[in-house]
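Walk me through this model, from the overall chain down to single contacts.

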Amino acid sequence: MAELTCQFVRPDKLIYEGLVKSLILVTKNGELGVWPGHANEICSLGDGVVRLHHLDEDGGGTDNVVVSGGYAEIGPDGVIILADHARLANDIDPDVVTETRQKALDALENLDDSDNRSAYYEQKIKWCNMLLKEEQKLREG
């Protein structure tokens, strides 16, 4: 069976490294399916969920990774994903994310309208919302 080598990293951590059957990237222009033999391509990642489809001999299944921004380099034999933010969906702790979100909301509320840090807190809140949404999907099955 054909396979792809996949390396998935964020600035502070290796998220995944190994073989996959295929994967679905979330890009700025929508979803992009990647299978062995794909043409060379570099694309920017959007906000959403990347789906890694594992080989049948490895038990099959899919890992969902929540991402926000970054790039993917695709080749016929593999994919390197460099994400600005990434978290495996099954590694989301909703209590920690909710607390982080609340701290960002509180900090944002205490800023003046002209304070440039508001963009940072708005992005953090958006990221937390994405994580909570994906974690809820997992819980609901």
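A residue is buried when its relative accessible area is under 20%, exposed when over 50%, and partly exposed in between, with a 1.4 Å probe and protein chains only. Buried residues make up 40% of the 141 residues in this chain. The model is predicted: local features need pLDDT of at least 70, side-chain atom pairs count only at pLDDT 80 or more, and totals for chains, interfaces and linings use all residues. Numbering starts from 1 along each chain as its sequence is written, and side-chain values use heavy atoms, with hydrogens and water left out.

Start with the fold. The chain holds two helices and eight strands. Both element types are DSSP runs, numbered from the N terminus: helices are H or I with at least four residues, strands are E with at least two. Along the sequence the pattern reads β-β-β-β-β-β-β-β-α-α. Taken along the principal axes, the C-alpha atoms fill a box of roughly 55 × 30 × 25 Å.

Now the largest pocket. A pocket is an open set of points on a 1 Å grid over the protein atoms alone, where a 1.4 Å probe fits and protein lies on both sides within 12 Å along at least five of seven lines; lining residues have an atom within 4 Å of a point. Its volume is about 330 Å³. That volume is the space filled by probe spheres set on the points, which are joined across faces, edges and corners.

The lining of the largest pocket has 15 residues, and His85, Arg87, Lys124, Trp127 and Leu131 lie nearest the centre. β8 (78-88), α1 (94-109) and α2 (118-140) each supply at least two lining residues. The largest share, six residues, comes from α2. Because domain 1 (4-89) and domain 2 (92-140) both give residues to the lining, the pocket lies between them. Those domain bounds come from an automatic or database domain assignment.

Next, look at Thr27 in strand β3 (residues 22-27). Thr27 counts as buried because its relative accessibility is 12%. Its side chain makes polar contacts (N or O atoms within 3.5 Å, one able to donate a hydrogen and the other to accept it; residues adjacent in sequence count only if both atoms are side-chain atoms). The Thr27 side chain reaches the backbone oxygen of Gly30 at 2.5 Å. It also reaches the backbone nitrogen of Asn29, at 3.1 Å.
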